[in-house]
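Subject: Two-chain model, handover

Hello,

Here is the structure I promised to pass on. Please open it first, then read the notes below.

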Amino acid sequence: MPEFRKDPIIGRWVIVATERARRPSDFVPHSVSEEKMAEPPCPFCEGREDQTPPPEIFAIRNPGTKPCSPGWKVRVVPSVSPVLKVEGKVERHGKGMYDVVNGIGAHEIIIETPQHIYNMADLPEQQITDSITAYIERMTDLGRDPRLKYALLFKNYGLAAGSGKIRHAHSQLIAMPVNPIRLKDELVGSRQYFEYKERCIFCDVIKQEMDTGKRIVADVDGFVAFTPFASRFPFETWILPKKHSADFAHLPVDKRADLARTLKLVLTKLKKALVDPAYNIILHTAPFRVPKAGYWRTIDDDFHWHLEIMPRLTRVAGFEWGSGFYINPTPPEDAAKYLSEIE
Amino acid sequence: MAELRRDPITGRWVIIEVDKVKNPSDYEVETHVKRGGVCPFCPGNESMTPPEIFAVREGGSKPNTPGWQVRVIPNKFPALRVEGNIDRI
């Protein structure tokens with residue numbers, strides 16, 4: 001019997017099939033490593049720094065090496081085709097009853113390795129730790145810009161996840177002058193729960209998941225990975241810090257390697273269980289904020305940053321678009337069982 | 001240059017590209033692969049679908065036979081079930 005499950009944070013319902021669950025082998029294998037395409041010389045590889053648009057915004061480099069030259073571990077450059085523009089003032093105006101804001105923002109690419117490796121699961125842990133440092137550096141810097149409200153960090157791995165033709169590990173950071181609706185829904189839901197219970201909803205979810213154990217994928221070094229109760233997609237997995245924190249950018253330096261280890265572990269499990277599937281990773285963290293009377297009063301206590309990993313195995317079609325519902329043919333309990341048992 | 005436009009109904013922002021726009025010819029189209037075989041929705045193949053729920057038919061033709069203009073059948077792989085009571089568990 002299919003079941004409607006409600007996501008407690010934003011109140012969204014999901015239809016989960018609890019019988020005839022689709023096993024990993026039931027999905028038509030679409031391995032990213034099998035995507036056939038002619039690859040031009042990769043502009044992200046070490047030695048080709050002149051192939052990316054200058055300037056080099058940030059890099060973790062060996063001492064003595066110059067920007068836009070080899071000798072780096074992680075490198076941040078502007079996007080080749082940026083969605084938003086960095087220069088200018090934020091102008092809000094109306095067109096009749098409609099609201100418009102001019103396209104101010106930042107669009108950066110974080111290149112996560114100097115070698116031509118595509119899947120983050122295949123990177124050495126230290127590379128992932130360095131990438132996390134780069135994310136935090138860039139998000140903190142962009143947060144100082146009073147025009148910007150939020151920076152979304154995301155990764156598209158594989159064509160089905162919307163990645164372009166460059167098969168070299170990277171993530172993108174798009175900073176914007178408005179808060180995105182998906183985040184807004186979580187912020188509102190979190191604040192309402194906190195007003196009612198005086199507890200962080202994510203902390204309660206973590207406790208519930210640890211108590212039941214059925215959906216835990218990994219619990220390592222202060223980070224927990226689980227398949228959410230109302231998972232939208234088969235094998236959707238979230239990673240959260242067990243210790244409450246609203247801001248990803250406040251992650252202490254000594255905890256970054258722990259996060260890197262957890263992330264590598266989860267991505268490796270997904271790679272093995274689903275034969276190298278395409279996936280997206282997104283980071284939800286508290287928006288940039290200046291303390292303002294009446295605004296963001298409880299956010300440090302009510303919101304909890306988290307990573308959402310979404311393997312792209314199924315399509316979102318008419319029913320999903322029309323209803324905002326998702327139909328998930330793999331119960332998260334089954335997904336967690338497969339993932340936790342894979343070495 | 002892009003513009004952020006807000007949907008007044010849901011409050012959702014969308015980034016609309018105003019300069020480097022993509023025209024119909026810029027989008028890659030999936031080529032449809034024509035496959036052979038029998039179509040279960042065509043007239044004459046009514047026995048290949050689950051029994052019909054409703055049909056707009058010419059007078060005299062029986063359910064699950066040809067002679068219909070529009071036909072409603074249950075989905076073979078239903079997302080939801082008709083039987084049972086609603087339980088919030």
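Contact here means heavy atoms within 4.5 Å. On that basis, 29 residues of chain A are in contact with 20 residues of chain B. Bear in mind that this is a predicted model.

**The interface**

The size of an interface is often given as the accessible area lost when the parts come together. Between chain A and chain B, the buried area is about 2,000 Å². Carbon and sulfur atoms give 64% of that area.

Which side chains meet in a salt bridge? Those of Glu3(B) and Lys95(A) do, at 3.5 Å from N to O. The count of salt bridges between chain A and chain B is 1. Polar contacts between the two chains come to 3 residue pairs, both residues of each at pLDDT 80 or more.

Several elements of chain A give two or more residues to the side that touches chain B. They are strand 1 (3–6), strand 2 (13–16), strand 5 (92–95), strand 6 (98–102) and helix 2 (181–197). Strand 6 of chain A gives the most, with 5 residues. By type, the chain A side divides into 16 nonpolar, 4 polar and 9 charged residues.

**Strand pairing across the chains**

Strands of a sheet pair through backbone hydrogen bonds, either parallel or antiparallel. Strand 6 of chain A pairs with strand 1 (residues 2–6) of chain B. The sense is antiparallel, over 4 bridges. Val101(A) stands opposite Leu4(B) in this pairing.

Within chain A, Val101(A) in strand 6 is also the bridge partner of Arg92(A). Strand 5 and strand 6 of chain A pair in the antiparallel sense over 4 bridges. The two strands form a hairpin with 2 residues between them. Gly96(A) sits in the turn and has a positive phi of about 65°.

**The sheet in chain A**

Chain A also has an open sheet of 10 strands. The order is 3-4-7-9-8-13-14-12-11-10, and the pairing is antiparallel. Which strands are at the edges? Strand 3 (58–61) and strand 10 (216–220) of chain A are, and each pairs on one side only. The twist averages 15° from one strand to the next.

Strand 8 (residues 150–157) and strand 13 (residues 279–284) of chain A are joined by 4 bridges and run antiparallel. Asn156(A) has Asn280(A) in strand 13 as its bridge partner. Helix 2 of chain A packs on the sheet. Helix 2 touches strand 8, strand 13 and strand 14 (306–311) of chain A. The direction of helix 2 makes about 50° with that of strand 13.

**Backbone points to look at**

Most residues other than glycine have a negative phi, and most peptide bonds are trans. Two places in chain A deserve a look on that account.

- The peptide bond from Pro54(A) to Pro55(A) is cis, with omega near 0°. Pro55(A) is in the loop between strand 2 and strand 3 of chain A.
- Val275(A) has a positive phi, near 55°, and is not a glycine. Val275(A) lies in the loop between helix 4 (253–273) and strand 13 of chain A.

Over to you.

Notes: Residues numbered from 1 in each chain as written. Chains lettered and ligands numbered in written order. Predicted model: local features only at pLDDT ≥ 70, side-chain atom pairs only at ≥ 80, totals over all residues. Heavy atoms only, no water. Buried area = accessible area lost by both parts, 1.4 Å probe. Salt bridge = Lys/Arg side-chain N within 4 Å of Asp/Glu carboxyl O. Polar contact = N/O pair within 3.5 Å; in protein donor to acceptor, adjacent residues only side chain to side chain. Nonpolar A, V, L, I, M, F, W, Y, C, P; charged D, E, K, R; others polar. Pairing = 2+ DSSP bridges. Axes fitted to C-alpha atoms, helices over the stretch in contact; angles between N-to-C directions.
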